[in-house]
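Work through the exercises below with the model open. Each task is followed by a worked solution.

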Amino acid sequence: DIIPQPLLDQYLSMTDPARAQTVDTEIAKHCAYSLPGVALTLGRQNWHCLKDTYETLASDVQWKVRRTLAFSIHELAVILGDQLTAADLVPIFNGFLKDLDEVRIGVLKHLYDFLKLLHADKRREYLYQLQEFVVTDNSRNWRFRYELAEQLILILELYNPNDVYDYLRHIALTLCSDKVSEVRWISFKLVGAILQKFYANNANALGLNFINELVVRFRHCSKWVGRQAFAFICQVGMFSLCVSVWA
């Protein structure tokens with residue numbers, strides 16, 4: 001009743017390997033690109049019509065196909081709702097997290113958008129996995145780490161102060177010591193956001209512990225780059241509420 005069945009059949013057939021040889025070598029990529037729009041048109045009640053096709057595309061041997069899905073999985077999650085997302089998209093999302101960097105960057109760029117759609121208990125399962133984004137196939141791919149810091153600034157609101165201290169704090173400290181200055185700069189903003197998180201939630205003890213750790217690690221660092229990092233951290237204003245601690 002929504003679209004003609006022959007048209008839907010033609011779309012679903014785009015994953016057929018024979019079509020790639022006879023029609024277009026990138027036909028599966030085109031199919032992946034259009035899938036959120038098709039899902040929106042059909043509605044979540046007709047997701048069963050696309051589920052098998054989506055799973056086929058998600059396991060396609062061409063990384064460009066998987067990358068296309070990775071960049072749009074958060075949009076599909078909005079269309080399908082929390083129940084279908086948890087049942088059908090989360091397993092594929094988990095697979096993308098372990099894929100090539102070219103695919104992982106797709107989920108990383110919209111990590112906050114996807115995680116905020118999950119229930120709190122399911123979302124918490126990803127806390128430990130977030131640190132895996134620090135490691136990339138190519139260490140020179142600094143934009144990957146930059147994107148991680150940007151996403152973490154947004155993700156802070158999804159977790160309580162204790163989880164931020166136990167998991168995200170370590171990632172922030174690692175990124176603050178990155179070899180690339182651009183990554184360090186965005187990481188200093190992340191550190192400031194973490195402290196604001198602590199004080200906004202009256203987790204003053206966690207905030208003070210974090211400040212002391214920053215002082216030890218950077219203010220008293222034997223290398224000038226560490227001491228410079230401390231100065232830049234102060235510059236972004238994250239010590240505005242506690243200047244008396246180190247004045």
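**Exercise 1. The largest cavity**

Sort the lining of the largest cavity in this predicted model into nonpolar, polar and charged residues.

Solution. Start with the search of the whole structure: one cavity of 30 Å³ or more turns up. Next, take the volume. The largest cavity holds about 30 Å³ of space. Then list the lining: Leu 97, Leu 111, Leu 115, Tyr 126, Gln 129, Leu 130 and Phe 133. Now sort by class. Six are nonpolar, one is polar and none is charged.

**Exercise 2. The largest pocket**

Find which residues line the largest pocket, and which elements give two or more of them.

Solution. The volume comes to about 200 Å³. The lining consists of Val 134, Thr 136, Ser 139, Arg 140, Trp 142, Arg 145, Thr 174, Leu 175, Ser 177, Asp 178, Lys 179 and Val 180. Helix H9 (142-155) and H10 each give two or more residues to this lining. Finish with the classes: four nonpolar, four polar and four charged residues.

**Exercise 3. Helix H4 against helix H5**

Describe how H4 and H5 pack: axes, handedness and contacts.

Solution. The crossing of H4 past H5 is left-handed. Now the contacts. From H4 come Lys 51, Tyr 54, Glu 55, Leu 57 and Ala 58. They meet Val 65, Arg 66, Leu 69, Ile 73, Leu 76, Asp 88, Leu 89, Ile 92 and Phe 96 of H5. By class, this contact has 10 nonpolar residues, no polar ones and four charged ones.

**Exercise 4. Two single residues**

Is Asp 163 buried or exposed?

Solution. Asp 163 sits in helix H10 (residues 161-176). Its relative accessibility is 4%. Buried means under 20%, so Asp 163 is buried. Leaving out residues up to four places away in sequence, Asp 163 touches Arg 124, Leu 127 and Leu 168.

Thr 56 belongs to helix H4. Last, compare sequence with space. Thr 56 and Thr 15 are 41 residues apart in sequence, yet 7.3 Å apart from C-alpha to C-alpha.

Notes. Residues are numbered from 1 along each chain as its sequence is written. This is a predicted model: local features need pLDDT of at least 70, side-chain atom pairs count only at pLDDT 80 or more; totals for chains, interfaces and linings use all residues. Side-chain values use heavy atoms; hydrogens and water are left out. Helices (H or I, at least four residues) and strands (E, at least two) are DSSP runs, numbered from the N terminus. Buried means under 20% relative accessible area, exposed over 50%, partly exposed in between (1.4 Å probe, protein chains only). Contact means heavy atoms within 4.5 Å. On a 1 Å grid over the protein atoms alone, a cavity is a set of points where a 1.4 Å probe fits but cannot get out, and a pocket is an open set with protein on both sides within 12 Å along at least five of seven lines; lining residues have an atom within 4 Å of a point. Grid points are joined across faces, edges and corners, and a volume is the space filled by probe spheres set on the points. Ala, Val, Leu, Ile, Met, Phe, Trp, Tyr, Cys and Pro count as nonpolar, Asp, Glu, Lys and Arg as charged, and the others, Gly among them, as polar. Axes are lines fitted to C-alpha atoms, for helices over the stretch in contact, and angles run from 0 to 180 degrees between N-to-C directions. A crossing is left-handed if the near helix is turned anticlockwise from the far one by less than a right angle, and right-handed if clockwise.
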